[in-house]
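This report describes annotated residues and a domain interface. The sequence and structure come next.

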Amino acid sequence: MNILGKKEKMSYWQRIKIAFQYVMPQLYLTQIAGWFAKQQWGVVTHFVIKLFAKKYNVDMSEAAKPNFNDYASFNEFFIRQLAENARPINQNPTALCLPADGHISQIGHIDNDLLLQAKGHYFSLSDLLAGDETLTNQFKNGEFVTTYLSPRDYHRVHIPCDAILRKMIYVPGDLFSVNPFLAEHVPNLFARNERVICVFDTEFGTMVQILVGATITASMSTVWAGVINPPRPNEITTWTYEGESAVKLIKGQEMGAFQLGSTVINLFEKDRVQLADHLQVDSPVRMGEILAHKK
């Protein structure tokens, strides 16, 4: 299999855009963005929020607080909660629901140890799972779905089915942008970026849900541990949850959030689920809708 694919002709500016991702100070830009996003500057903050919402066509009618002035900081606006019943959770007991709003970046079968990142680009399951051999072997030839959250989307992430958390792994890494254009042109993007890997036991087998960091994504958080980053240690950090420390989540419950946009990757074991036929690359998706059915 040719994992590089055919080279496509790119414009001068597209080449500059890609090159900039490699030379820009990713961490410093992210730290600066995080600092600004936390500031409570009253009228200035509300003006920035309004500009952002206009530029990205954010639908505030779905928000629990639709008035821009109700948000003291940009972060509060960005991880805004939705109005009650804005995202009905599919109640079919044999179905899993989508974890986030956004677009399907890629979806399909894990070919032994390879996942499709974008047309012509594959990355390894082992790299994505930070070299964890047990997890890697568990998900070979399984199924996966990658959901891209654009700046306009709701940025809280939910659990696709009833689940019990067993392990969480923080993996340090780069902070490349994860927009569709960069996903097509930066090899191993999701396996090289900073990420939080969450391992769950479910009636559909073991499921992994991964929060992938990106440029300007100042932090990722979970409901059981709060903000995971910062700090950003230079080594892989693992937490296990057993006995009384086990975390139980019910289908559709919030499990985490991004402060500024990024990507969620779900992994399923071989022969456990059938991904929904209507889901294709670039399909717009909403949290709570059907992701897959039990095999």
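## Annotated active site

In an unreviewed entry, the UniProt annotation "active site" covers Asp101, His158 and Ser262. UniProt positions follow the numbering used here, feature names are shortened, and annotations may be inferred rather than shown by experiment. These residues span 162 residues in sequence, yet no two of their C-alpha atoms are more than 14.3 Å apart, so they gather at one spot.

The model is predicted, so local features need pLDDT of at least 70 and side-chain atom pairs count only at pLDDT 80 or more, while totals for chains, interfaces and linings use all residues. Residues are numbered from 1 along each chain as its sequence is written, and side-chain values use heavy atoms, with hydrogens and water left out.

## Asp101

Asp101 sits in the loop between strand 1 (95-97) and strand 2 (102-109). Strands (E, at least two residues) and helices (H or I, at least four) are DSSP runs numbered from the N terminus. Asp101 has a relative accessibility of 4% and therefore counts as buried; buried means under 20% relative accessible area, exposed over 50%, and partly exposed in between, with a 1.4 Å probe and protein chains only.

Not counting residues up to four places away in sequence, Asp101 touches Arg87, Thr147, Tyr148, Leu149, Asp153, Tyr154, Val285, Arg286 and Met287. Contact here means heavy atoms within 4.5 Å. With Arg87 there is also a polar contact, side chain to side chain, at 2.7 Å. A polar contact is a pair of N or O atoms within 3.5 Å; within protein, one must be able to donate a hydrogen and the other to accept it, and residues adjacent in sequence count only if both atoms are side-chain atoms.

## His158

His158 belongs to strand 6 (residues 156-158). With a relative accessible area of 7%, His158 is buried. Apart from neighbours within four places in sequence, the residues in contact with His158 are Pro99, Gln209, Gly252, Gln253, Glu254, Met255 and Met287.

## Thr202

Thr202 lies in strand 8 (residues 195-202) and counts as buried at 16% relative accessibility. A polar atom of the Thr202 side chain is 2.8 Å from the backbone nitrogen of Phe204, and the side chain of Thr202 reaches the backbone oxygen of Gly205 at 2.7 Å. Beyond four places in sequence, Thr202 touches Cys161, Asp162, Ala163 and Met207.

## Domain interface

The domain assignment gives domain 1 (13-79) and domain 2 (95-294); such bounds come from an automatic or database assignment. The domain centres, taken over C-alpha atoms, are 23 Å apart. In all, 22 residues of domain 1 are in contact with 26 residues of domain 2. About 2100 Å² is buried between the two domains, with 65% given by carbon and sulfur atoms. Buried area is the accessible area (1.4 Å probe) that two parts lose on being put together, summed over both. In domain 1, Thr30, Phe78 and Ile79 lose the most area to domain 2, together 29% of what that side buries.

One salt bridge is found across this interface. A salt bridge is a side-chain nitrogen of Lys or Arg within 4 Å of a carboxyl oxygen of Asp or Glu. The side chains of Glu62 and Arg286 meet in a salt bridge at 2.5 Å, N to O. Helix 1 (12-23), helix 2 (26-38), helix 3 (43-56) and helix 4 (74-78) are the elements giving two or more residues to the side of domain 1 that touches domain 2. Helix 2 supplies the largest share of that side, six residues.
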